[in-house]
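Good morning, everyone, and thank you for coming. Today I would like to walk through one protein structure, contact by contact.

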Amino acid sequence: MADYFEEMGWEPVALDQTQRHQTMLMVRALLDHGFFPDEMLQGGRLAPPASKEVVRNLQERMPTPEDESCAICLKPNSDHPDIFKVLPCSHEFHQACILPWLNQTNSCPLCRYELKTDDAEYEERKKFLQRQKEREEELEGLHNSMFG
């Protein structure tokens with residue numbers, strides 16, 4: 001009769017890697033159960049600025065008389081005839097208002113939609129959190145299909 005590792009086609013952890021493997025399993029369990037808040041994992045870091053390329057490629061449009069005021073400066077468009085920048089979330093702001101904002105952070109000031117950044121570590125962390133959320137949703141769906 002085959003043992004568990006042979007049956008699953010796995011190799012046992014090498015003796016010199018056992019301690020590291022057990023530590024990683026413990027960290028994964030703590031992460032999966034929400035022991036560490038996201039702020040702790042990011043080291044209290046603020047979100048980085050939006051990618052220069054993304055900002056450069058934002059759609060632009062000229063204001064029209066029907067436009068409401070900019071949500072950042074709150075000035076009527078007749079007083080501030082600046083070009084509007086349109087974010088991917090469809091919120092629009094005066095170019096002079098939104099560019100300094102996007103040089104500080106990567107999110108829309110109204111809905112917090114996150115634009116891509118040039119910070120590879122931050123982008124990797126976003127992908128990790130997204131995968132974690134998807135795994136939780138899959139587990140919830142599996143649980144509900146079995147017991148719901």
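This is a predicted model: local features need pLDDT of at least 70, side-chain atom pairs count only at pLDDT 80 or more; totals for chains, interfaces and linings use all residues.

Let us begin with Lys126, which counts as partly exposed, its relative accessibility being 25%.

With which residues does the side chain of Lys126 meet in a salt bridge? One partner is Glu114, with 3.7 Å from N to O. Lys126 belongs to helix α6, residues 120-147, while Glu114 sits in the loop between α5 (95-102) and α6, so this pair ties together parts that are twelve residues apart in sequence. Glu114 is partly exposed, at 34% relative accessibility.

Another partner of Lys126 is Glu123, again with 3.7 Å from N to O. Here both residues lie in helix α6, and because they are three residues apart, about one helical turn separates them. Glu123 has a relative accessibility of 16% and therefore counts as buried. Through shared partners, the salt bridges join Glu114, Glu123 and Lys126 into one network.

For those new to the subject, side chains of opposite charge can pair when their charged atoms come close. How many salt bridges does the structure hold? The number is four, and I would like to show one more of them.

Glu60 forms a salt bridge with Lys85, and their closest N and O atoms are 2.8 Å apart. Glu60 is in strand β1, residues 59-61, and Lys85 is in strand β2, residues 84-86, so the pair ties together parts that are 25 residues apart in sequence. Are these two residues buried or exposed? Glu60 is partly exposed, with a relative accessible area of 43%, whereas Lys85 counts as buried, at 4% relative accessibility.

There is also a contact between a charge and a ring to consider. Arg61 lies over the face of Phe84, at 4.6 Å from the ring centre. As for aromatic pairs, a search of the whole structure finds zero.

I turn now to the cysteines. A disulfide is a covalent bond between the sulfur atoms of two cysteines. How many disulfides does the structure hold? The count is zero. Cys70 counts as buried, at 0% relative accessibility.

Cys89 is likewise in no disulfide, and its nearest cysteine sulfur, that of Cys111, is 3.6 Å away. Cys89 is partly exposed, with a relative accessible area of 21%.

Finally, let us consider the surface. Which residues form a nonpolar patch there? They are Tyr4, Phe5, Met8 and Trp10, and together they have about 430 Å² of accessible area. Trp10 is found in the loop between α1 (4-8) and α2 (18-32), and it counts as partly exposed, at 43% relative accessibility.

To close, I would ask you to find two places in the model: the network that joins Glu114, Glu123 and Lys126, and the salt bridge between Glu60 and Lys85. Thank you for your attention.

Conventions:
Residues are numbered from 1 along each chain as its sequence is written. Side-chain values use heavy atoms; hydrogens and water are left out. Patches are made of residues with over 30% relative accessible area and no salt bridge: like charges are joined within 9 Å, nonpolar side chains (Val, Leu, Ile, Met, Phe, Trp, Tyr) within 5 Å. Accessible areas come from the Shrake-Rupley method with a 1.4 Å probe; for residues, only the protein chains shown count as cover. Helices (H or I, at least four residues) and strands (E, at least two) are DSSP runs, numbered from the N terminus. Buried means under 20% relative accessible area, exposed over 50%, partly exposed in between (1.4 Å probe, protein chains only). Rings of Phe, Tyr and Trp (its six-membered ring) pair if their centres lie within 6.5 Å; planes under 30 degrees apart count as stacked, over 60 as edge-to-face and the rest as tilted. A charge sits over a ring if NZ of Lys or CZ of Arg is within 6 Å of the ring centre and within 35 degrees of the ring normal. A disulfide is a pair of cysteine sulfur atoms within 2.5 Å.
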